[in-house]
Structures are given as C-alpha cells and as structure tokens.
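Biologist: Walk me through this one. Start with how to read contacts along a chain.

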Amino acid sequence: MNFLSDPVTFIGNWLTGLVASLGMPKETAAAWVTGVAVGILPLLAMLWVLVLIWYERKVIGRLQDRPGPNRVGPFGLIQPVADMLKIFLKEHILPAGVDRIPYNLAPILAVGGVLGMWIVVPFSATVHGVDINVGALYIIAVGAIGTLGIIFAGYSSNNKYALLAAFRVVAQLISYEIPMVLALLVPVLLARSMGMNTIVQAQPVWFILAAPLAALLFFISSIAEVGRSPFDLAEAESEIVAGFNTEYSGLKFGMFYVGEFLHAFTNSLIFTALFLGGWQGPGAEQFPILGFIYFFLKTVVVHFLGIAIRGSMPRFRIDQVMQLNWKLFTPIALAAFSAAALVEKLAANLGDAARIGIHILVNAVILGVVLLIGSRVFKARGIRLDALAERNRAAVKLSMEKSHDS
Amino acid sequence: MILDQVIFLITAVVVLTAAILVVSVPKMIHAALWLILALAGIAVLFVLLQAPFFAVVQVIVYIGAIAVLVIFAVMLTRKAMQDDGPQLNRYSVLAAAVSLMLFAVLTGMLLSWDGANNLPVNPAVNPDTIVNLGESLTNPQGFLLPFEVASILLLAALVGAIYIGREHRAGKEEE
Amino acid sequence: MTISWLYIGIFLVVSLGLPAVAIILAGILAPKKPSPEKSIIYECGVDTHGETWVQFKAQYYLIGLVFLIFDIETVFLYPWAVAFDRLGLFAVLEGLLFIGILTGGLVYAWKKGAFEWA
C-alpha cells in the first residue's frame, strides 16, 4: 500500500498507527479515525459547493454566450468565496408572524437532506463511507428529509406565495419519487443487492447498457427532484415570487441554494454509481486512486449534462409536470422494471452478453411502443388543434367582412 | 453494549415526548410536526433492533409519504393554524384510567412472557435478513397471501381515495 | 453492522449540524436592525390580504395518496429484487401480478382524471 495508489487509505492507516501508538487498541483507534473522517466528509462536501457554484455559473454563462464570473481572481475562481463572505454578513430578517422553529429548521433540513446521502457513496474500491445493505433505499429516505425542509419553509413563512410554491414543489417531488424509486429498482435487481458498493462491483458492464430506459428515467426524475429547469416550478417568479424561500434572507436563504447545487452534483454521483459503473475502469482495483478519477470524470460528464439541460430548456407548467410523470414516466418505469425482472429470470441461463442483448431489445420495444402511442395521441390532438385554428380563422374572417360591410 | 442502551433511552424519551405533544399541542399543524419527530425516533429504534430495512422503510413511507399526506390533509381544513380550543373534554379522566389499565395489562403480559427475559442470543438464520424477507414474501408457505392481499388493499385504498376526492372536487375548487 | 449505523448517525448529526452552525455564526456576524417595515410579509408591497393559510384544493391530497400507495408498493418490491436469485419463475410471476394489480389502480386513477391538474 503506497501513498500514490491509494492516498486516503494510506493516510487512514498512518493516522490509525499514530493514534494506536498513544496506547489504544488498534480496532478502537481505527474506529475513532473512521468516525472523525466521517465527521469531516460533510465539511468537504460543503466546501465543494463553492467549486460547484463557480463551475455552474461559468457553464451557464458560456451556454448563454457570456463569460460568466471573470473579475475576482483568475477566471473568477474567487467569486463564490466573495459571495459566501457577503451572504455571511447579510442581516437575517425575521418576518412578522412566522412559525419560528420550522422556519429556522427548514434551511438546515434542506442542506442536511442532501449531505446525508454522501455517506453511502462508494468513491473508489477502498474508499466508501459505509457499505450498508440498504444503501439504495437509504438515499431515497434521506431525500425525504429535504422534502420536509421545503414543506416547513413554505408553511412557516406566513406568506401565500411561499405556501403555494411549497405545495407545488412537494407535489412534484413526491410524484417524481415514484419513477425514481422504480428506476432505482432495476440496478438493485441486476446487482441483487441494495448496497451501493455491491452495485458498483456488479458492473464490469455498465448497467446503463442493460437498462437504458431506467437510466433515462432516473436521470430525468433526479433533475425533477432537484427542482431545476425544466422542472423549476418553484422559481416561477412571474407566478409565485421567489418560491418557497421568498421570506428568507441572508445565509438562511443561501442554504437553500447550497442544498440545490449540492443536490445536483450528488444526484450525478449516485447516477454514476448506479448506472455508469461508479469507480470501475481499467486498473481501478489495483490502483484505487484511478477508480476515484474515473468516478469523478464520469460524474462531471453527468453533472454537465444536467447543467446543459438547465441552461437550454424552458419551464413546464404544473399540469404538464404532473401528467408527464403519471401518464408517461410511471407506466414506462413499471413496464421497464417488469420486463427486466422477466428477462433476468427467463434468460438466467444464457451468457452475460446474450442477456444484455435481450435487455436492450426489450427496452427498445418498450420505447418503440411508447413512441408509437405517443405519436398517435399527439396526432389526434394536433388534428383537433388544427380544426380549432381553422374555426378561429373563419370567425376572424367573418367578423372582418362584417366590419368591412358596415 | 452501553452505547446502545444510552441511544435507546434518549430515543425513547424523545419519541414519548413527541408522541405526547402530538396529542396535546393546540395547533393541528404542530401536531403533524411532532408526529414527524416521533416517527423519526421509531426509525432509530428499528436500527437498534438490527432491522435497517425497516428503519429505511419507516423513513420513506412514514416521514416521506404519510407525514406529507398528513400535512396536505391538515392544509385541506380551514383550521390549520387556529387553536382548536381545549384539548381535553369531560371524559378525559375516564380515558386516562382506561389507558392506564390497558398499559398495566400489556406490561403484565410482557413481563410474564418468557421471551422478555430470555432473548435469543444469536438467531440461527441467514444474516442477510432482506434476502429472507424477499424470499418469504413470494413463498406460498411464507407471506404470499398477505403480500397479494396487500396489493388488493392498496388498490382499494386508491379507488376509495379517488372516489372521495372526486366528490370533494365537484363541490368546491380553490387554490 | 451496528458500527456502520453509528457512523451514519454521526454523519447525519454533522450534516444537520454544519448548516445550523453556519447559520448561527452568520446570525452573530450579521447586522441586526429589525424594523416593522422590514418584517412585513412580501405581497407586492401591500399588507397580506386575508389569512395566509388558505385552504388547498383536494388535488394535492389525491396526488399524495396515489404517491403513498405506489411508494409502499415499490418498497415491497425491493427485498423481492434482492432475493431474486433464490426465487423461482412462479415467485417472479407473483411479483409481476403484484405490480399488475397496482397498475390497474394507476389506470383507474388515470381514467377518473386524478392526474388532470385543472
């Protein structure tokens, strides 16, 4: 074990040795070192947000044909630090009539609900928080805490807009949790485990190959779970001011954004671990640092896709968001999961390559059927719209003729 | 392990306090909030019982879904933030007496039960309890019937909810 | 395994404590000049009209219920998926029947217009 191939384990072992030399049994020392490391990880994740904010602003800026932050420090790198210092020194305005405890708890839950997911993420072959056997469900469970934060913020603010926004967002979040949980079920099925590390180890062939539909649904649902464009109904400023955080100020307001930026990245981490093989790659077992790099690069690609979508899509309406979920995503997720289960059982005796081929084929068939039905529905709707437009044109023409006559 | 017991005692106090507050705070929405704390405490108890799957399900289903539903339901009423007046009616003493009696009976039963004092030290089952659970859910000798009946029950709940919800919608629409 | 959950407990406490400490710190650093004008609730520059906690439409509750039912269903399927290697074809079909019955519920909700947001 040397420093270059696996730095985190190396430092961990070194620290354990150091603590043990103070006269502590080796196991106890290891437990203490792990405990402290576990305590430090959220801090690192929080600081990572500074980089995420800079990166995202830069990418969105480029997408919109402007340079993004470029004044403070080289390439504007110091900009988020300056912003953070500024927001730290902003007054916390306590609006009249708020329900104090939930009001103050909401931003904490919004961040804590995202940070809590990091403990089960396997960063490399040797470095993973904890490998509990319910890891995948744990992520969903912790995500529910963030939902609570939004409800708290909305109802405790004593503001109609905030309350309305919170209800909308929560309706959206819980709705998109269904296809997300169903899509998550497919990698669990393929790996026969809910442990995140086991799921990654089961992917010499990435699960996105065997379950492209589930991967797509998971990706879109996770964007909806973060509440970003095109699902950013919570920020429909023309309808509901700033959304559920209208009455927040200073760092309490900032925390909701810390939560959002971190959530987008965390979801990319989880997507990579579930569908893109996590840290898997050539040489990742021998040199865990390579696995870490692979994991990071894949995550950055997924994260970039999310930002690109955010920068280029217009916002849905609430009814569209709901119908998209319940009439399209949920049925597809149910079909994709049922098909995956059937294929896994019926083709259990075939080789890996053949089974994955059948998985792809079945996914393609489901997608084809959905597209076929979808195009029919839209065609029927299009014809109706055409008829309506025709009638409108006729009416306008008639009224014009009338006015011409008089 | 001492730490287990300390965590258990703290959690138990939190759960009981939260549960008492659920039924005693005057505002309905606050009752919903205390309920969330009580449910979270139950999840910790599941972890202490070495049932992590149920702990996670407790959080997903009870906090993530039922608590949200309760808050939605409270918001459907007009009195979400108003005091509902005194929490006790004239039968409170009688109800307390009945509750105490029930508690005494349950405690007595538990104390006279063998299992309360002789816990199985190391149950000889597959350590991966989730696999066991999954297997028994679809095993005809296991819980197949309850499993399928549960889906019918869920379906019935769905149909009933939509029926009632639709009727309500026809009456009054407001956002 | 219990030690893993101890770590998770520590992690969750730190995760919740970190933003809390940051907010408290910011509260100490930040200026405090409350005024009645500042603490007015935002509503386009005028005082809030009527009660804030307005009654919501039943649609939200309905969506919540449908969600709850599908959530429970999916959670049931997780141990089933984990134990997949030890299930026979019959057991797999039972799982699919379970999904099928609830898909019926989805179709019913769809036909009754529970997903029409109007």
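Modeller: Contact means heavy atoms within 4.5 Å. In chain B, residues 24 or more positions apart account for 53% of the contacts with a separation of 6 or more. This is a predicted model: local features need pLDDT of at least 70, side-chain atom pairs count only at pLDDT 80 or more, and totals for chains, interfaces and linings use all residues. Residues are numbered from 1 along each chain as its sequence is written, chains are lettered from A and ligands numbered from 1 in the order in which they are written, and side-chain values use heavy atoms, with hydrogens and water left out.

Biologist: What does the secondary structure of chain B come to?

Modeller: Elements are DSSP runs, numbered from the N terminus: helices are H or I with at least four residues, strands are E with at least two. Chain B has seven helices and zero strands. Its pattern along the sequence is α-α-α-α-α-α-α.

Biologist: How many of the residues of chain B count as buried?

Modeller: Buried means under 20% relative accessible area, exposed over 50%, partly exposed in between, with a 1.4 Å probe and protein chains only. Of the 175 residues in chain B, 33% are buried. Areas come from the Shrake-Rupley method with a 1.4 Å probe; for residues, only the protein chains shown count as cover. Chain B exposes about 10900 Å², and carbon and sulfur atoms supply 73% of that.

Biologist: Next, salt bridges. How many does the structure hold over all chains?

Modeller: The criterion is a side-chain nitrogen of Lys or Arg within 4 Å of a carboxyl oxygen of Asp or Glu. Over all chains there are 10. One of them joins A:E260 to A:R228, with the closest N and O atoms 3.0 Å apart. That pair links distant parts of the chain: A:E260 lies in helix 11 (residues 250-275) of chain A, and A:R228 in the loop between helix 9 (212-226) and helix 10 (237-240), 32 residues apart.

Biologist: Is A:E260 buried or exposed?

Modeller: A:E260 is buried, at 12% relative accessibility. A:R228 is buried too, at 5%.

Biologist: Which residue forms a salt bridge with A:E344?

Modeller: A:R355, at 3.1 Å between the closest N and O atoms. A:E344 sits in helix 13 (residues 318-346) and A:R355 in helix 14 (residues 352-405), both of chain A. A:E344 is buried at 4%, and A:R355 is buried at 19%. Look for networks as well: A:R192, A:E344, A:D352, A:R355 and C:D85 are linked in one.

Biologist: And a pair within one helix?

Modeller: Take A:E390 and A:R393, whose side chains meet in a salt bridge at 3.1 Å, N to O. They are three residues apart in helix 14 of chain A, so about one helical turn separates them. A:E390 is partly exposed at 46%, whereas A:R393 is exposed at 52%.
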